[in-house]
Amino acid sequence: MMFSSLSRFAPVAARGARGFASSSARHHKVAVLGAGGGIGQPLSLLLKLDPLVTQLSLYDIRGAPGVGADISHIDTASNVKGYPADQLEVALDGAEVVIIPAGVPRKPGMTRDDLFNTNASIVRDLSKACAKVCPDAHMLIISNPVNSTVPIVASTYGSKFNPNRLFGVTTLDVVRSSRFLGEITGEKPEDIRVTVIGGHSGVTIVPLLSQTPQAQKLQFGGAEWSNLVHRIQFGGDEVVKAKDGAGSATLSMAYAGAKFSNQLLRALNGEKGIIAPSFVRSPLFESEGVEFFSSNIELGTGGVEKIHQVGALAPEEQKLVDACIPELIKNIKKGQEFVASS
Ligand SMILES: NC(=O)C1=CN([C@@H]2O[C@H](COP(=O)(O)OP(=O)(O)OC[C@H]3O[C@@H](n4cnc5c(N)ncnc54)[C@H](O)[C@@H]3O)[C@@H](O)[C@H]2O)C=CC1
Ligand SMILES: O=C([O-])CC(=O)C(=O)O
C-alpha cells in the first residue's frame with residue numbers, strides 16, 4: 001500500500017479493514033508511548049486507519065484511556081485500548097512495534113538538544129520497560145533530540161540491543177524535502193524522493209539534492225540551493241516559530257510517523273523492496289567515529305535488512321557532511337554517557 005497521502009490512504013485503509021482480516025496477513029500489535037500528546041493523538045488516529053495494525057495499545061502518563069476510548073469507536077478492524085500511567089507494562093505486553101513520541105517539545109529559541117535534560121530520562125525509563133516486557137519489539141523513536149535518544153535506547157538495552165530493530169524516525173525531513181522542492185519546481189511532492197542523510201537536527205540534516213532528478217535545475221552552491229537546504233535543515237524551527245510557544249510539529253510528524261510505521265509493517269509482512277530513511281546503528285561513517293547515522297534503509301522481516309551507501313556527493317554536499325559529523329558524534333556520545341552515568 002502506498003502511504004503517500006491521506007487521500008490515498010483512507011480508501012485503502014477502508015478496504016484493508018475488511019480485507020486484512022484474512023489469515024494470510026500477520027497481526028501486529030503496535031504500542032504508542034506518549035499517545036496523549038500533540039503527536040501521539042493524531043499518530044494514534046492514523047494508526048487506527050492502517051489495516052496492518054491489528055491491535056493498538058495507547059500509553060501516556062496523562063489522558064491515554066480517553067484517547068483510546070475515543071479512537072476505539074472508529075469503524076476499522078483493529079482493537080484499541082488506552083492505559084493509564086501505572087499500566088506501562090500491561091500496555092507493552094506482546095507489542096511487536098513500539099513508537100515513542102513521549103517527552104517535551106521545543107519552544108521558540110530552543111534547540112532540540114535543549115530538550116535533552118527532560119527527555120533523556122523519559123526515553124531511558126520507557127525503553128527500560130520495553131527491554132523487560134517486549135525486548136524483541138521494533139522501537140521507533142520520535143522523542144527529541146533523536147540524535148541522542150536513539151543511542152540512549154541502544155545503551156539502555158545493553159546486551160539485549162538488536163541494531164536491526166531500533167529506528168530514529170527521520171521521515172519528516174524527507175517529507176519536508178519533497179514538499180519544499182515541489183514548491184520550487186511545481187512538481188508533485190509525492191513524485192519527488194530526496195535522500196536525506198545524517199541526523200535529525202539543524203546541520204546534521206543533510207539533503208542530497210544532487211541525487212534528486214527534480215533538483216537538477218537548481219544551481220548547486222547557489223542561493224536557491226542554499227535556501228532550500230537551510231529550509232530542510234531548519235523546517236522544524238519554522239513550525240516552532242509559527243506555533244509561538246505552543247509546541248512543535250505534531251500533525252506533519254504524526255503523518256511521517258504513521259508513514260514510517262506502515263513501511264515497516266509492510267516489510268515485516270514480507271513485502272520486498274521497501275526503502276525508507278532512518279537513524280540507525282550504522283557502519284557508514286563508523287571509521288570516523290559515528291555509530292548511528294540516518295540513510296536509506298531497506299526494510300525486511302527482521303527490521304533493518306540493508307543499509308544503503310550514501311552514493312556520490314556533490315562537493316557542496318561533502319561540506320554539509322563535514323559539518324554534520326562532529327555534531328552527530330557529540331550528540332551520540334551525550335546519550336551514551338547519560339546512560340552510563342545513570
Ligand atoms: N522525530 C521528529 O521528527 C520529531 C520529534 N518531535 C518530538 O516529539 C516529542 C513529543 O512532541 P509533542 O507530541 O508535540 O509533545 P507533547 O507535549 O504534546 O506530548 C508529549 C506527551 O508525552 C507524554 N509523556 C511525558 N512523559 C511521559 C512518560 N514518561 N511516559 C509516557 N508519556 C509521557 C506527555 O504526557 C504528553 O502527552 C518532542 O520531544 C518533540 O521534540 C516532534 C516533531 C518531529
Ligand atoms: O523542530 C522540532 O523541535 C520538532 C522536530 O523535530 C521537527 O519538526 O523536525
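In the classes used here, Ala, Val, Leu, Ile, Met, Phe, Trp, Tyr, Cys and Pro count as nonpolar, Asp, Glu, Lys and Arg as charged, and the others, Gly among them, as polar. With these classes, the shell around ligand 2 divides into five nonpolar, three polar and two charged residues. The structure under discussion is a predicted model.

Domain 1 covers residues 6-169, while domain 2 is made of two segments, 171-249 and 273-341. Taken over C-alpha atoms, the centres of domain 1 and domain 2 are separated by 22 Å. Where they meet, 30 residues of domain 1 are in contact with 29 residues of domain 2. On the domain 1 side, the elements that give two or more residues are α5 (116-133), α6 (146-157) and β6 (166-168). The largest share of that side comes from α6, with ten residues. By class, the side of domain 1 that touches domain 2 has 14 nonpolar, ten polar and six charged residues.

The ligands may be considered next. Ligand 1 has 33 residues around it, and of these Gly37, Gly38, Ile39, Ala102 and Asn144 come nearest. Both domains take part, as at least three residues of this shell are drawn from each of domain 1 and domain 2. Among the elements, α5 gives the most to the shell around ligand 1, namely three residues. The classes in this shell are 17 nonpolar, 13 polar and three charged residues.

Around ligand 2 are Pro105, Arg106, Arg112, Asn144, Leu172, Gly236, Val239, Val240, Ser248 and Ala249. Helix α9 (residues 235-243) provides the largest share of this shell, three residues. Here too domain 1 and domain 2 each contribute at least three residues.

Asn144 is listed around ligand 2 and is also one of the residues that come nearest to ligand 1. A cis peptide bond, with omega of about -5 degrees, joins Asn144 to Pro145. Pro145 itself lies in the loop between β5 (138-141) and α6, and α6 is the element with the largest share of the side of domain 1 that touches domain 2.

Asp244 lies in the loop between α9 and α10, and its phi is near 55 degrees, a positive value in a residue other than glycine.

Helix packing can be followed from α7 (residues 171-185). Against α8 (residues 223-233), α7 packs at an angle of about 145 degrees, with the two axes 9 Å apart. The crossing of α7 and α8 is right-handed. From α7 the contact takes Asp173, Arg176, Ser177, Phe180, Leu181 and Ile184, and from α8 it takes Glu224, Leu228, Arg231 and Ile232. By class, this contact has five nonpolar, one polar and four charged residues.

Helix α7 also meets α10 (residues 251-268): their axes come within 9 Å and cross at roughly 110 degrees. Because of that angle, α7 is roughly perpendicular to α10. This crossing, of α7 and α10, is right-handed. Thr171, Leu172 and Val175 of α7 make the contact with Ser252, Met253, Tyr255, Ala256, Lys259 and Phe260 of α10. Its classes are six nonpolar, two polar and one charged. Leu172, which takes part in this contact, is also among the residues around ligand 2.

Methods. Residues are numbered from 1 along each chain as its sequence is written. Chains are lettered from A and ligands numbered from 1 in the order in which they are written. This is a predicted model: local features need pLDDT of at least 70, side-chain atom pairs count only at pLDDT 80 or more; totals for chains, interfaces and linings use all residues. Domain bounds come from an automatic or database domain assignment. Two residues are in contact if their C-beta atoms, placed from the backbone, lie within 7 Å. Helices (H or I, at least four residues) and strands (E, at least two) are DSSP runs, numbered from the N terminus. A residue is near a molecule or strand if its C-beta atom, placed from the backbone, lies within 6 Å of it. Axes are lines fitted to C-alpha atoms, for helices over the stretch in contact, and angles run from 0 to 180 degrees between N-to-C directions. A crossing is left-handed if the near helix is turned anticlockwise from the far one by less than a right angle, and right-handed if clockwise. Angles under 35 degrees count as roughly parallel, over 145 as roughly antiparallel, 65 to 115 as roughly perpendicular and the rest as oblique.
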